[in-house]
Amino acid sequence: VQADGTDGNCVTFVLHDEDHTLGNSLRYMVMKNPDVEFCGYCITHPSESKINFRIQTRGSLPAVEPFRKGLNDLMGVCQHVLNTFEVRLFPEQL
C-alpha cells in the first residue's frame, strides 16, 4: 500500500495485486463511516493489477483511520462468513 496526498484527510492509497473484489467491498465498508465524505476506487488499466483507492474525510480525521477500520471490518465480515460456512458444512466437528 502506498499513500499519496499532502492533506491527511484526502488520500489516495495504491493497492497492488488487487481488483474489484477488494475495491468494491472495501469501498462499501469505508462508506459506512459517517466521517467519510467521499470514497471511491478505480482500476488503473485492465492489464495492471492495482487499484487507486481514494478517501476524503470530514474535519481533521486522517484518511488512514477509516481505511484501517474498513479493512478490519471487512476481515471481520469475511471471518463470520467463513465460520458460518464451516458450521453448516461440518456440524459434526463442533
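The model is a predicted one, with local features needing pLDDT of at least 70, side-chain atom pairs counting only at pLDDT 80 or more, and totals for chains, interfaces and linings using all residues. Numbering starts from 1 along each chain as its sequence is written, and side-chain values use heavy atoms, with hydrogens and water left out.

The bridge joins the side chains of D73 and K69, at 2.7 Å from N to O. Both residues sit in helix 2 (residues 64-89), four residues apart, or about one turn of the helix. D73 is partly exposed at 28% relative accessibility, and K69 is partly exposed too, at 44%; the label covers whatever falls between buried (under 20% relative accessible area) and exposed (over 50%), using a 1.4 Å probe and protein chains only.

As for the overall layout, the chain has two helices and four strands, in the order β-β-α-β-β-α from the N terminus. These are DSSP runs numbered from the N terminus, with helices being H or I of at least four residues and strands E of at least two. The C-alpha atoms fill a box of roughly 55 × 35 × 15 Å along the principal axes. Of the 94 residues, 27% are buried. Contacts (heavy atoms within 4.5 Å) with a separation of 6 or more come 52% from residues 24 or more positions apart.

How values were computed:
A salt bridge is a side-chain nitrogen of Lys or Arg within 4 Å of a carboxyl oxygen of Asp or Glu.
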